[in-house]
Amino acid sequence: MKKNLSSLYQYQSIIYRVLLFVVATFLIVYLFPKGGSFKYNFEKGKVWQNENLYAPFDFAIQKTPEQIQKESELLKEQLPYYFIADSLIAKSSEQNLLQEFSMTFPDSISIEFKNDVRKKLIATVKELYHYGILSEDLTFSPSKAVIVKHKNSEIAMSAQFSELFHADNLKDHLEYNFSDSLYKPYKNYLTAIFYKNIKENLRFDSDFTENIFQQEKSSILPTIGLLKENTIIISKGEVIEGDKYQKLLSLKNIYESQVWSESNYNWIVFGYVVLVVLALLMLVLFIKKYRPSVYNNNTKLTFIVFNIIVMIFITTVVIKFQPNYLYVVPICILPLILKAFFDARLGLFTHVITVLLIGFIVPNSYEYMFLQIIAGIITILTVSELYKRVNLFISVAQITGVYIVAYFSFYIIHEGNMESLEWENFGLFLLCGLAMLFAQPLIYIYEKVFGLVSDVSLLELSDTNSKLLKLLADKAPGTFHHSLNVANLAEAAANEIGANAMLVRVGALYHDIGKMNNPTYFIENQSTSINPHNELAPKESAQIIINHVLEGIEIAKKYNLPDRIIDFIRTHHGTSLVYYFYSLEKNNSEEVVNEEDFKYKGPKPFSKETAILMMCDSIEAASKSISEPDYTKISNFVDSIIEKQKADGQFLNADITFKEIELIKKVLKLKLINVYHLRIAYPD
């Protein structure tokens with residue numbers, strides 16, 4: 001059991017990478033659309049660029065959503081609206097009206113006239129309640145067919161909406177009925193008692209009407225005909241429009257639904273898995289071969305995979321809900337962020353792999369991939385010194401311009417003119433550019449979540465007023481001054497060979513912070529002639545010198561310095577020998593001296609930046625010992641120190657070339673000449 005746990009612990013990093021690979025593959029395949037892939041890309045109004053297309057099987061031509069909507073609206077116009085009339089309200093209103101008439105009509109009027117008026121009232125009530133009086137204000141067409149159903153009865157009457165009484169026409173009808181000269185003297189009285197006693201009894205039954213409409217709507221056929229097998233659908237060079245577009249769309253929908261059947265589901269998933277595995281495997285192999293430091297860091301690998309999945313997820317959501325906004329998704333933010341944390345080559349390679357994966361789910365995949373890859377290349381070429389805000393705005397403007405130019409060119413190729421150019425698509429690219437400006441806060445979030453370091457953080461760390469550097473200046477002023485000089489030399493050397501100048505400068509500023517614990521044991525901090533090493537054995541002195549690396553790592557972790565900066569502290573002496581005390585011990589001791597007791601524990605520099613710091617640190621420290629410096633002395637001095645480091649194998653793990661080392665030597669010589677203010681010797 002203990003042996004198994006030991007093996008598991010030994011291979012935990014490999015197991016994690018395998019699990020990360022499997023989970024990433026699963027999530028990406030899961031995000032892919034649940035349907036087969038139609039092998040032709042087409043757009044309405046564009047030219048068919050492929051060969052003549054024939055129907056592979058018999059299939060029905062589907063109606064467009066617009067056609068179905070139009071038929072639904074026509075059906076809705078033809079169907080009657082249903083109303084419910086309450087007969088009890090009608091009877092009650094009639095009784096109340098006649099009762100008030102009997103009680104309030106003047107007794108001086110003759111019985112015959114009173115009976116005549118009574119008959120007129122009854123006839124008017126019957127007329128008003130024949131269909132009913134509406135209780136709501138509706139704005140239907142006057143000619144709209146309606147059906148009035150009586151409540152608690154099977155009686156149903158057909159009519160037009162204009163035949164129903166409502167607030168607008170009730171008054172006119174009453175005035176018309178009582179406008180006869182016989183009733184005119186009593187018109188106001190009769191109208192008043194009508195308004196007082198007549199109640200609305202008719203309401204629109206919207207639920208029942210909608211149910212009838214939905215039942216009838218379900219009978220609308222979704223197809224408009226059948227296309228026989230081997231019938232030509234569209235010829236090469238024809239414009240995709242009208243019935244040709246509808247046939248293509250029908251074939252695509254039917255083909256996808258047939259392919260993504262239960263019997264073929266597993267095969268299609270298998271195909272997706274193979275393609276996704278191939279794409280991710282290419283990325284992993286690239287990282288393993290060319291960026292081993294990233295490959296061996298599970299946090300960095302997770303960060304890269306996480307960003308790929310996020311880009312695919314966002315694109316999938318947009319495609320599902322609003323495919324017209326596809327180009328709003330800021331895909332180019334991926335290489336921009338990866339370049340900020342890693343390098344341009346890794347950022348571009350990851351971007352290309354991501355775009356290839358997204359190509360499975362987007363329409364017009366070739367056009368999409370061409371645009372995004374070109375934009376990604378522009379991102380890598382233009383984005384530099386991201387900590388300068390103006391650079392981000394300039395780069396985003398250039399990327400947006402490339403999007404617009406490339407899209408315009410594709411449109412001209414497809415259409416051959418500019419007459420129907422959709423200018424709103426250019427607005428989508430502008431929105432994409434604005435979304436890319438979110439890179440700055442996103443980089444800050446990623447730094448906190450994944451513990452990575454960008455140029456923005458490096459700029460903050462390079463501030464000499466930071467707490468740790470001020471502490472170094474107070475406790476070890478000589479070391480602080482030495483670190484500033486090394487930072488200037490290292491930055492110049494990094495710029496010469498194209499390394500990360502900001503990173504190496506920050507690493508140089510912090511590389512000797514371990515000397516704060518025992519500052520007087522280092523010669524640059526000794527302000528008097530008293531040297532504490534005189535009281536110690538050479539071996540003890542060497543251990544104090546060597547320990548400043550380990551103590552520097554502890555201080556760096558205490559102040560939460562990033563791992564990339566701690567790497568400079570750890571490697572700036574590599575596995576070199578503390579030669580002075582080693583020689584002293586060798587000369588004073590009769591026994592054989594063990595070199596390992598006088599060597600730094602390493603590791604050796606493993607990047608261009610850490611190698612540059614080792615050279616600059618040694619050159620700056622030793623340059624103080626040059627007496628009467630001149631061009632020859634400085635040149636030989638620089639050559640001897642760096643060649644000794646090369647011979648000692650200190651640069652074997654760093655990806656730095658001989659040519660780059662020679663360029664660094666040239667820069668260091670020029671810098672030292674400037675430091676010592678050497679002038680040409682004029683003749684007497």
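## Rings and cores

At 29% relative accessibility, Phe360 counts as partly exposed, because that class lies between the 20% cut-off for buried and the 50% cut-off for exposed. Keep in mind that this is a predicted model.

Which residue does Phe360 pair with? Its partner is Tyr272, and since the ring planes stand at 80 degrees, the pair is edge-to-face. Tyr272 sits in helix H10 (residues 262-290), while Phe360 is in the loop between helix H14 (344-358) and helix H15 (365-382), so this pair links parts of the chain 88 residues apart.

| Pair | Centre to centre | Angle between planes | Type |
|---|---|---|---|
| Tyr81 and Phe204 | 5.4 Å | 50 degrees | tilted |
| Tyr272 and Phe360 | 6.0 Å | 80 degrees | edge-to-face |

Tyr81 belongs to strand E3 (residues 81-85) and Phe204 to strand E6 (residues 202-204), so their pair ties together parts 123 residues apart in sequence. Both Tyr81 and Phe204 are buried.

Ring pairs also join Phe303, Phe306, Phe341, Phe342, Tyr446 and Phe450 into a cluster.

Some rings have a charged neighbour too. Lys149 lies over the face of Phe208, 3.8 Å from the ring centre, and Arg345 lies over the face of Tyr290 at 4.5 Å.

Now for the cores. The largest nonpolar core has 69 residues, and Ile287, Phe303, Ile304 and Leu357 have the most contacts inside it. Helix H12 (residues 298-321) gives the most to this core, nine residues. A second, separate core has 66 residues, including Ile497 and Tyr510.

Definitions and conventions: Residues numbered from 1 in each chain as written. Predicted model: local features only at pLDDT ≥ 70, side-chain atom pairs only at ≥ 80, totals over all residues. Heavy atoms only, no water. Core = buried A, V, L, I, M, F, W, Y, C linked by side-chain atoms within 4.5 Å. Buried < 20%, exposed > 50% of the residue type's maximum accessible area, 1.4 Å probe, protein only. Helix = DSSP H or I, 4+ residues; strand = E, 2+ residues; numbered from the N terminus. Phe/Tyr/Trp six-rings, centres within 6.5 Å; stacked < 30°, edge-to-face > 60°. Lys NZ or Arg CZ within 6 Å of the ring centre and 35° of its normal.
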